[in-house]
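This briefing covers aromatic rings and the charged side chains placed over them. Please have the sequence and the model at hand.

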Amino acid sequence: MSIGLFFLLKVEPAFIYIDMRTLVCAIAKNENHYLREWVEYYKDLGFTNICIYDNNDIDGEYFDEVIGDYIQSGFVIVKNRRGMKGSINWAGHYYDDKNWTCRSIQIESYDDCYHTIANDYDWMLLVDIDEFLTFDDCNLVSMLSNPIYQNYQFIAFSVIVYGDSDIIETNGDYSIRKFTKLAVGNSPKFIKPIIRTRMHACHINSAHGFEWEKLWQNYNDEFIQGCLTTSQPLVKGAVRLHEYEYSKAYIKHYTTKTLEEWIDNKMNKGWPDDFNQYRQMDLDYFFGFNKLTQSKLDYLHLKGIDYDSNASLCNC
């Protein structure tokens, strides 16, 4: 959802933990329809715990309405960020010549988790509630224990965006399993990281990776070294890939889901911390990932929404 960097003043040599503890960190708002499927998915992958920051409105929904049993068992840790917003400027971040200080509530929560809860774990994965880590020819423990990663401080997963699969309404089915087709638009090829913990000089300023070359100069080019799942080192400043990297593992991102869900949820929720003042989460954004069809225009008409677009209708 936002772009920035990870930085480190001094990197200690990496090593492999035998008794590995892994944590998923996320922040959620108005996502109770999807939360249980997402929690059970990461539980089945073998993660030790999940930490979710509750950013719902003060009078909004509560996680324990849908995952109360996982909260009671201690598998899901909930941190309160209800009704909170950050104060931001361009791209959700604030910085000056000497300091990088992210004011987005999303990134503040990630950084808080990294420096508090994550100290009891070996790796921390940053994902959204609509993102699902997918393994190909390995699993979580075997991948993180692989010695090819032992000199890296984070592993970057490709983010592969799925579209609406031409499904307009949920009909009460909020599962992501029905979305089987990739987005049709030229979606950005972002990365999402799983990071080694206990690097106390590290501050997480992004959900994706690192860039902003100016800031690297302030720290004498001492930085966290990340790699792709192939163990190929990431070029400093890269948060996007030229091509998707499917090897071993990647992230499936169900960014839009159905048109119904987009209107009722994403458009109403908007970007974190009023980020939509810079980039609208609107129907143009939705149809940048999905085909514009007459059936979808008819649905918009029934909802009382007039959509004027220069895009051509798809008759397929």
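Arg 21 lies over the face of Tyr 121, at 4.5 Å from the ring centre. A charge counts as sitting over a ring if NZ of Lys or CZ of Arg is within 6 Å of the ring centre and within 35 degrees of the ring normal. The model is predicted: local features need pLDDT of at least 70, side-chain atom pairs count only at pLDDT 80 or more, and totals for chains, interfaces and linings use all residues. Residues are numbered from 1 along each chain as its sequence is written, and side-chain values use heavy atoms, with hydrogens and water left out.

**Charge over ring**
- Arg 82 has its charged end over the ring of Tyr 62, 3.6 Å from the ring's centre.

**Aromatic pairs**
- The whole structure holds 15 aromatic pairs (rings of Phe, Tyr and Trp, the last by its six-membered ring, with centres within 6.5 Å; planes under 30 degrees apart are stacked, over 60 edge-to-face, the rest tilted).
- Tyr 42 and Phe 132 make a stacked pair, at 6.5 Å centre to centre and 20 degrees between the planes.
- This pair links helix H1 (residues 32-45), which holds Tyr 42, to strand S8 (residues 131-135), which holds Phe 132, 90 residues apart (helices, H or I, at least four residues, and strands, E, at least two, are DSSP runs numbered from the N terminus).

**Burial and cluster**
- Tyr 42 is buried at 0% relative accessibility and Phe 132 is buried at 3% (buried is under 20% relative accessible area, exposed over 50%, partly exposed in between, with a 1.4 Å probe and protein chains only).
- One aromatic cluster includes Tyr 42, Phe 132 and Trp 38.
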